Amino acid sequence: MRKDMTWTRLVATFFGAGLLRPGPGTWGSVAALPVAWLLHMFGGFWALALGTAVVFLLGWWVTIQETRGLSDPDPSEIVIDEVAGMWLALWPVSLGAMSQDVPITALWPGWVVAFLAFRAFDIWKPGPVGLADRMHTPLGVMLDDIIAGALAAMVVAVFAVLAHGVMGV
C-alpha cells in the first residue's frame with residue numbers, strides 16, 4: 001500500500017484509524033462509533049442507512065485504487081470496510097432509538113452487543129463472511145464486513161427482543 005497520504009488513503013484508513021496498531025480493524029470499528037452517533041443525531045436511522053450505503057460504495061472504490069498493483073488484496077490498513085460493517089451492525093439500535101424517540105445513547109447495551117458481535121463475525125469469518133473474504137477482490141474486502149455487520153445486526157435484534165420483549169426491560 002502506498003505510504004503517501006492521498007485522499008483515497010485517508011478514506012481507506014478512515015482518517016488514519018487503520019494505521020493504529022495492534023488490531024487496525026478493531027481501531028477502525030471503534031473510530032466508526034462516534035461518526036455513527038453523529039449521523040444518527042443529524043438525521044436518525046435514515047442518515048445512518050444512507051451513510052452506510054455511501055461508505056460502502058466509496059470504500060469499494062478507494063479499495064480498488066489503494067490495492068491496484070499490490071499482491072495483497074486486503075491490506076490491514078484499509079478499515080473503511082469495518083466502518084461500513086459497524087454502521088450496519090448499529091442499524092437496529094438507530095432504528096429503535098428513532099422509533100421510540102429516545103436518545104441513541106440510551107440504548108448503550110445495543111452498542112456494546114453490536115460492537116462485540118461485529119468484531120466476532122469479522123474475525124471469525126463464519127460461512128458467508130469467509131466466502132466473501134476469500135474472493136480476494138476489493139468487492140470481497142467490503143462484502144465480508146457488510147455480511148458480518150448484517151449478522152451482527154441480527155444478533156442485536158435478537159438481544160433487543162429478549163431484553164425488551166421477553167424480559168420486559
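**Salt bridges**

A salt bridge is a side-chain nitrogen of Lys or Arg within 4 Å of a carboxyl oxygen of Asp or Glu. By this rule the count is 4 salt bridges. The structure is a predicted model, in which local features need pLDDT of at least 70, side-chain atom pairs count only at pLDDT 80 or more, and totals for chains, interfaces and linings use all residues. Residues are numbered from 1 along each chain as its sequence is written, and side-chain values use heavy atoms, with hydrogens and water left out.

**The network around Asp122**

Arg119, Asp122, Lys125 and Asp144 are linked in a network of salt bridges. Asp122 belongs to helix α5 (residues 108-124); helices (H or I, at least four residues) and strands (E, at least two) are DSSP runs, numbered from the N terminus. Asp122 pairs with Arg119 at 2.6 Å, N to O. The two are about one helical turn apart because they are 3 residues apart in helix α5. Asp122 also pairs with Lys125 at 3.2 Å, N to O.

Lys125 in turn meets Asp144 at 2.8 Å, N to O. This pair links distant parts of the chain, with Lys125 in the loop between α5 and α6 (127-133) and Asp144 in helix α7, 19 residues apart. Buried means under 20% relative accessible area, exposed over 50%, and partly exposed in between (1.4 Å probe, protein chains only). Asp144 is buried at 1%, as are Asp122 at 5% and Arg119 at 10%, whereas Lys125 is partly exposed at 24%. Not counting residues up to four places away in sequence, Asp122 touches Glu82, Asp144, Asp145 and Ala148, where contact means heavy atoms within 4.5 Å.

**Nonpolar core**

A nonpolar core is a set of buried Ala, Val, Leu, Ile, Met, Phe, Trp, Tyr and Cys residues joined through side-chain atoms within 4.5 Å. The largest has 36 residues, of which Ile80, Val83, Met86, Trp87 and Leu90 touch the most other members. Two or more residues each come from α1 (7-12), α2, α3 (80-89), α4 (91-100), α5 and α7 (138-166). Leaving out residues up to four places away in sequence, Val83 touches Phe14, Gly28, Ala32 and Val55.

**Annotated regions**

An unreviewed UniProt entry annotates "transmembrane region" at residues 42-62 and 145-167; UniProt positions are in the numbering used here, feature names are shortened, and annotations may be inferred rather than shown by experiment. Residues 42-62 are 100% helix and 0% strand, with end C-alpha atoms 25 Å apart. The unreviewed entry also lists "domain: YutG/PgpA" at residues 11-158. Residues 11-158 are 75% helix and 0% strand, and their end C-alpha atoms are 32 Å apart.
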